[in-house]
Amino acid sequence: MCLKDILAIIEIRELNAIILFLLGSIVLFVITKKMFDKKTIPYLKLIPIYIFLIVLQVAFASYFIFTKTTLRGKESPINISAYVFTILEYLIFATLLSKFIKLDFVKKYLIFSCIPFTVLSIIIWHSNNRYRTAMSIITTIESLSLIPFCLYYFVELLNNPRFLKLTDEPSFWITTGILFLFICITPFYAVFDLFKNIPEMQLIDFFGYDLLVLFLAKASFTKIKKTNG
């Protein structure tokens with residue numbers, strides 16, 4: 001069977017899952033050794049952990065997709081893992097943003113917000129019988145909760161530039177990646193039910209994570225050049 005024939009029988013969702021898995025695996029392999037070097041900025045060590053979670057989630061979901069699991073709805077292992085991944089994702093993003101933003105009140109709020117977000121996610125998951133409704137609400141809350149702080153980071157950075165070039169700062173690439181991810185996926189999850197029967201729309205979700213992985217890879221190899229001021 002040639003490559004063209006193989007691609008013809010693979011659904012769009014499965015093909016994009018393979019692409020994201022390969023991209024994440026390659027980036028994870030390349031950056032892991034560097035990230036655990038003693039000279040590496042502590043917050044950058046969260047990057048390989050997060051990318052590992054992406055790869056693990058895609059691999060786990062792909063296994064059940066290819067084995068044609070009969071479980072559906074909230075009981076599906078794929079959906080449960082996606083729910084857990086979203087909570088862990090918020091914890092990592094909030095922690096990263098708390099390292100980048102200088103205002104002490106915002107830093108403390110971001111760390112504290114992990115508790116109410118986790119509790120709220122649990123409540124939403126158990127109070128909604130439909131997986132799509134629960135994930136739509138949880139992901140939308142995640143996006144709307146973190147997008148303002150991504151934007152605030154840029155306002156703070158531009159008003160008080162600490163670096164010769166913004167592109168020389170890892171936090172710039174990480175925050176940009178997080179912002180791009182939410183710009184891509186928020187409209188998709190906000191109207192999840194409308195797109196459930198349109199496989200092509202799932203490209204948006206995968207595209208957002210592909211971009212984020214590339215931005216995180218860039219951040220991992222960025223050398224900081226501080227100003228003299």
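The largest nonpolar core of this predicted model takes in 64 residues, and the ones with the most contacts inside it are Y50, F93, I174 and Y209. A nonpolar core here is a set of buried Ala, Val, Leu, Ile, Met, Phe, Trp, Tyr and Cys residues joined through side-chain atoms within 4.5 Å, with buried meaning under 20% relative accessible area (1.4 Å probe, protein chains only). Two or more residues each come from helix 2 (12–35), helix 3 (46–66), helix 4, helix 5 (104–127), helix 6, helix 7 and helix 8 (202–220). Helices are DSSP runs (H or I, at least four residues), numbered from the N terminus.

Take Y50: leaving out residues up to four places away in sequence, Y50 touches F85, E89, I92, F93, L181, Y209, L212 and L216, where touching means heavy atoms within 4.5 Å.

T86 sits in helix 4 (residues 77–100). T86 counts as buried because its relative accessible area is 6%. With residues up to four places away in sequence set aside, the partners of T86 are F117, M135, I138, T139 and E142.

Then there is the pairing of helix 6 (residues 131–159) with helix 7 (residues 170–190), which pack at about 145 degrees with axes 9 Å apart. Axes are lines fitted to C-alpha atoms over the stretch in contact, and angles run from 0 to 180 degrees between N-to-C directions. Among the residues that meet are M135, T139 and E142 in helix 6, and F172, L179 and Y189 in helix 7.

Residues are numbered from 1 along each chain as its sequence is written. Local features need pLDDT of at least 70, side-chain atom pairs count only at pLDDT 80 or more, and totals for chains, interfaces and linings use all residues, while side-chain values use heavy atoms, leaving out hydrogens and water.

Key:
Buried means under 20% relative accessible area, exposed over 50%, partly exposed in between (1.4 Å probe, protein chains only).
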